[in-house]
Amino acid sequence: MKLAPRFAVLLATAAVVAGCAPQTSDNSSSDKDDQSGTLRVWLFQEVGNDPKAKVVDSVVAAFEKAHKGTKVDVEYIPIDTRAQRVKAAFNDPKSAPDVMEYGNTDTAGYVHDGGLLDVTKEFGAWSEAKDTDPTAKQSVTVDGKLYGSPFYVGVRALYYRTDVFKDLGLQPPKTMAELASTARKIHKAKSDLYGLVVGGAYTYGAMPFVWANGGELATGTNGTYTSAIDSAAAQKGIKAYTSLFTSDNCPAAKCAVMGGNDTITAFAAGKAGMAIGGDFSHSAVEAGKVKGKYAVVPLPGVASGSVAPAFAGGNNIGVLKSTSHRTLAVDLMEQLTSKATQASMFDAMGFLPTFTDVRDAAAAKVPFEKPFVQTLAAGTKFVPASPGWSEIDSSLVLPTMLQEVISGKKSVAAASKDAAKKMNDAFNSAG
């Protein structure tokens, strides 16, 4: 994708900012703060990585020009092997990068493992930081301290087939109750279509139903959490979501095992009237049979006109605690996540900026992004800032709960109670 014409101007600004080194971090595990030499950077390898690499190369060139005697070595690592690479880096500082990109749900676990540098003072002194989206800032925060800078954010909204809605005389639903009834109208009229395609293994498609009904994943502060997935409000949301796995919408036999990618694949293939997908799902839908025949609106909440809270996904960039170039590394982190860089990353990759002003400008330029920006503005949610979340996520606690309800093996109350116990065991074992 061609980069925007304003990119050169933005990079010039970034270069000027790069010349103003941040305060020296004082909590590194290294006793060195070299002001020259080579900085190693790990970034995630994207499916189409060239546009991302072009933006990064320009930032690196500006940084090296502003810091004489400094070189930046960027390596793009596969996302699916990141866990092993990062663990090895934490265990062997000599093999570790100075700066790395990481998933925002990994923050608490990486902090618990002692791998990330506390950059609270530097982030607070950075002039651009004041415009950071609150939820994005929360994703780099553990126990009130910041361990990185948000890089981009992703949220989900409701994709729907404009041709199907026109044919059936339907309007986009304004409440969750209307969402369910609209889904069933679609399937009744067009039995070859799922009304709203849902997935029993689609955690972040299910959670908006819990949050919209007043439920939470967990409650707590300062790293100590207690599961709330079995609360009355959360159970109401679980019931609302799992009630969609029926023969008049999305049969359990087919939909219970689906994950998020499966639901988007079905929608893109023209097999569903609606789907819950992210701004990051756009290219997949555009490449499918429904190209030119769909639109997106925020996922409705319980009350008419409200927006269901969405999970704020995305990635961050942080500095490893073992770096021997801590001041330079923090400066580079800021340049890689600056307003200029995020604006260019949006142009190149479609990554939604974490700065509210930059994001508003992006939505004005690209109308498709408007419902996702509206969703972010309405308020989003994040996972508990506990290292225990990684265990909860990897052991599929929530998908198992959903599938137990969908299959009829357990009631909502029993399944959520069991899930809460597993979550609490993970929280407690993580310390």
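**Core, sheet and helix packing in the predicted model**

Leaving aside neighbours within four places in sequence, Ile229 is in contact with Met207, Glu216, Leu217, Ala234, Gln235, Ile238, Leu398, Met401, Ser416, Ala419, Ala420 and Met423. The model is a predicted one. Ile229 belongs to the largest nonpolar core, which has 83 residues. Together with Leu196 and Met274, Ile229 touches the most other members of that core. A second core is separate and holds 27 residues. Leu39, Ala53, Val72 and Leu332 are among them. Nonpolar side chains tend to be buried together in soluble globular proteins.

Gln235 and Ile238 lie on the H10 side of the contact between H10 and H20, and Ser416 lies on the H20 side. Two packed helices are described by the angle between their axes and the distance between the axes. For helix H10 (residues 232-242) and helix H20 (residues 412-430), the axes come within 10 Å. Their crossing angle is roughly 120°. The crossing of H10 past H20 is right-handed. H10 contributes Gln235, Ile238 and Lys239 to the contact. H20 contributes Val412, Ala413 and Ser416. By class, the residues of this contact are 3 nonpolar, 2 polar and 1 charged.

The sheet is considered next. It is open and consists of 5 strands, in the order E2-E1-E3-E14-E6. The pairing is mixed. Strand E2 (70-77) and strand E6 (149-154) form the edges, each pairing on one side only. From one strand to the next, the twist averages 20°. Within the sheet, strand E3 (residues 99-103) pairs with strand E14 (residues 313-319). The sense is antiparallel, and the pair has 5 bridges. In one of these, Val99 has Val319 of E14 as its bridge partner. Val72, a member of the second core, falls in the range of edge strand E2 (70-77).

Phe368 sits in the loop between helix H16 (356-365) and helix H17 (370-378). Phe368 counts as buried because its relative accessibility is 17%, below the 20% cut-off. Beyond residues up to four places away in sequence, Phe368 touches Tyr159, Asp279, His282, Tyr294 and Val296. Asp279 stands 89 residues from Phe368 along the chain.

Terms used:
Residues numbered from 1 in each chain as written. Predicted model: local features only at pLDDT ≥ 70, side-chain atom pairs only at ≥ 80, totals over all residues. Heavy atoms only, no water. Pairing = 2+ DSSP bridges. Helix = DSSP H or I, 4+ residues; strand = E, 2+ residues; numbered from the N terminus. Axes fitted to C-alpha atoms, helices over the stretch in contact; angles between N-to-C directions. Left-handed = near helix turned anticlockwise from the far one by under 90°. Contact = heavy atoms within 4.5 Å. Nonpolar A, V, L, I, M, F, W, Y, C, P; charged D, E, K, R; others polar. Buried < 20%, exposed > 50% of the residue type's maximum accessible area, 1.4 Å probe, protein only. Core = buried A, V, L, I, M, F, W, Y, C linked by side-chain atoms within 4.5 Å.
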